[in-house]
Amino acid sequence: IFPPIAQQTSIYQTITLTNAGATPVIFRLISAQDEGHSLFTFKPSQGLLHPEQHAIIVVRYKPTRPSRQDEIHQERFVIRLNEREKFDQVLH
């Protein structure tokens, strides 16, 4: 959850992704929004996690238009593991 911020200002949060398994895992973050229209960016947005390792992913939120005081922006993201839809994890 990101706190309210002004238009054209960026705010950052982090996500820790951990591979607790015994085999390497490929990950990729996918926005449910149309490509290029998301207000969120991820660094790194894809990578390889070896067993017992973790990745810290920086999430940037930058609103591009003014919002009403009571407006809440929600977006759904998918963490795709090993390029298989059956392993998708959803973030809201």
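In which loop does Glu-52 lie? Glu-52 sits in the loop between β4 and β5, where helices (H or I, at least four residues) and strands (E, at least two) are DSSP runs numbered from the N terminus. The model is predicted, so local features need pLDDT of at least 70 and side-chain atom pairs count only at pLDDT 80 or more, while totals for chains, interfaces and linings use all residues. Residues are numbered from 1 along each chain as its sequence is written, and side-chain values use heavy atoms, with hydrogens and water left out.

We can begin with the strands. Four of them form an open sheet in the order β4-β2-β6-β7, with antiparallel pairing; two strands pair if DSSP finds at least two bridges between them. The edges are held by β4 (46–49) and β7 (84–91), each with a single partner strand, so one side of each has no neighbour in the sheet. On average, neighbouring strands of this sheet are turned by 25° against each other, direction ignored; the axes are lines fitted to C-alpha atoms, for helices over the stretch in contact, and angles run from 0 to 180 degrees between N-to-C directions. Five bridges join β2 (residues 25–31) to β6 (residues 77–81) in the antiparallel sense, and Arg-28 has Arg-80 as its bridge partner in β6.

Next comes the interior. A nonpolar core is a set of buried Ala, Val, Leu, Ile, Met, Phe, Trp, Tyr and Cys residues joined through side-chain atoms within 4.5 Å, with buried meaning under 20% relative accessible area, exposed over 50% and partly exposed in between (1.4 Å probe, protein chains only). The largest such core has 14 residues, of which Leu-17, Phe-27, Leu-29, Phe-40, Phe-42 and Ile-57 touch the most other members. At least two residues of this core come from each of β1 (11–18), β2, β3 (40–43), β5 (54–61) and β6, and β5 gives the largest share, four residues. Leaving aside residues up to four places away in sequence, the contacts of Phe-27 (heavy atoms within 4.5 Å) include Leu-17, Pro-44, Leu-48, Ile-57 and Ile-79.

Glu-52 has a positive phi near 65° without being a glycine, and Glu-52 is exposed at a relative accessible area of 62%. Asn-82, also not a glycine, has a positive phi of about 55°. The loop between β6 and β7 holds Asn-82, and Asn-82 is partly exposed at 32% relative accessibility.
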